[in-house]
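Here is my note on the model, point by point. Please read it with the structure open.

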Amino acid sequence: MTISTKLFSSQMLDQFKLIEGRLQKLQTQISTGSRIPQSSEQPMDAVTLSARRELESNIAQYQKNLGKVNERLSLVDTTLEETVNMAIRLQELFIASNTSTVTQAERLATREEVLNMRTTMLSLANTSDSAGDALFGGFSTEDSPFRLQENGSVKFTGDGGEHRLSVSETIKLPTSINGANVFMEVDVDGKKKSVFELMSGFANALLTNESFTQEF
């Protein structure tokens, strides 16, 4: 009888310990909000949960990158549209100024407008996004890629890198275009000139009363 009582008591204690352990596990899950507090308890579930969390993190980063791409390319479109409008205006000024009826005072006024447009063009070339990163500097995004020199010329200090961001596991999209190609390599009779050089040439030509020829 004594042996039976001891065995029964031992079994009851074991059951109480088991129940207590389960209660503690449930309390831990409730307090942490996690069904799997320790990966060693359910290794397969833990691996699945870890992979899911990693996938969710990757998707969130892809969405963030896509938003960045859209923001920068939209800004590129707006900036280039302004430069195109400026080029159209320059053409109009050139045609209007290249006549014998235009007075020198009118040409000087036009020259002032051209010089102001050149300053604006430099500002457009150095456009940066909301994070302060230059649009047209390639991989060099922290500083202004187009710098005005002491002699009045403009120097490109960026690089030809094409900045891209991953928007999926297999796709990377560019966030801008090569600034040197846009602003520094205009083909004029087989020679490469910058838009700033062309605008300066136009402005200087307006200093004379004689008819002038300027190619753009």
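This is a predicted model: local features need pLDDT of at least 70, side-chain atom pairs count only at pLDDT 80 or more; totals for chains, interfaces and linings use all residues.

1. Leu66, Ile171 and Leu173 make a nonpolar surface patch of about 220 Å². Leu173 sits in strand 4, residues 172-174. Its relative accessible area is 31%, so Leu173 is partly exposed. Patch members need over 30% relative accessible area, and Leu173 has 31%.

2. Next, the overall layout. The protein has 5 helices and 6 strands. From the N terminus the order is α-α-α-β-β-β-β-α-β-β-α. The protein has 216 residues, and 27% of them are buried. The accessible surface is about 14300 Å². Carbon and sulfur atoms account for 53% of that surface.

3. Then the contacts. Take those between residues at least 6 apart in sequence. Of these, 55% join residues at least 24 apart.

4. Now the aromatic residues. How many aromatic pairs does a search of the whole structure find? The search gives 6. Phe146 belongs to strand 1 (residues 146-148) and Phe183 to helix 4 (residues 179-183), so the pair ties together parts 37 residues apart in sequence. Phe146 is buried at 2% relative accessible area. Phe183 is buried too, at 1%.

5. Phe183 has another ring partner to check. Are the rings of Phe183 and Phe196 stacked or edge-to-face? Their planes are at 20 degrees and their centres 6.4 Å apart, so the pair is stacked. Planes under 30 degrees apart count as stacked. Phe183 is in helix 4 and Phe196 in helix 5 (residues 195-205), so this pair ties together parts 13 residues apart in sequence. Phe196 is buried, with a relative accessible area of 0%.

6. Phe136, Phe146, Phe156, Phe183 and Phe196 form one aromatic cluster. Among its members, Phe146, Phe183 and Phe196 are buried, as given above.

7. Val154 lies in strand 2, residues 154-156. Its relative accessible area is 11%, so Val154 counts as buried. Which residues does Val154 touch, leaving aside those up to four places away in sequence? They are Arg118, Leu122, Phe146, Arg147, Leu148, Met184 and Phe196. Val154 and Val195 are 41 residues apart along the chain. Their C-alpha atoms are separated by 9.5 Å.

8. On to charge. Side chains of opposite charge can pair when their charged atoms come close. A search of the whole structure finds 6 salt bridges. Asp129 forms one of them with Lys68, with the closest N and O atoms 3.1 Å apart. Asp129 is in the loop between helix 3 (104-125) and strand 1, while Lys68 is in helix 2 (residues 43-97), so the pair ties together parts 61 residues apart in sequence. Is Asp129 buried or exposed? At 6% relative accessibility, Asp129 counts as buried. Lys68 counts as partly exposed, at 21%. The cut-off for buried is under 20%.

9. The side chains of Glu113 and Arg89 meet at 2.9 Å, N to O. Glu113 is in helix 3 and Arg89 in helix 2, and the pair links distant parts of the chain, 24 residues apart. Both partners are partly exposed: Glu113 at 28% relative accessible area, Arg89 at 33%.

10. Finally, Arg164 and Glu162. This salt bridge has its closest N and O atoms 2.7 Å apart. Arg164 is partly exposed at 39% relative accessibility. Glu162 is partly exposed at 41%. Elsewhere, salt bridges that share partners join Lys68, Arg72 and Asp129 into one network.

How values were computed
Residues are numbered from 1 along each chain as its sequence is written. Side-chain values use heavy atoms; hydrogens and water are left out. Patches are made of residues with over 30% relative accessible area and no salt bridge: like charges are joined within 9 Å, nonpolar side chains (Val, Leu, Ile, Met, Phe, Trp, Tyr) within 5 Å. Accessible areas come from the Shrake-Rupley method with a 1.4 Å probe; for residues, only the protein chains shown count as cover. A salt bridge is a side-chain nitrogen of Lys or Arg within 4 Å of a carboxyl oxygen of Asp or Glu. Helices (H or I, at least four residues) and strands (E, at least two) are DSSP runs, numbered from the N terminus. Buried means under 20% relative accessible area, exposed over 50%, partly exposed in between (1.4 Å probe, protein chains only). Contact means heavy atoms within 4.5 Å. Rings of Phe, Tyr and Trp (its six-membered ring) pair if their centres lie within 6.5 Å; planes under 30 degrees apart count as stacked, over 60 as edge-to-face and the rest as tilted.
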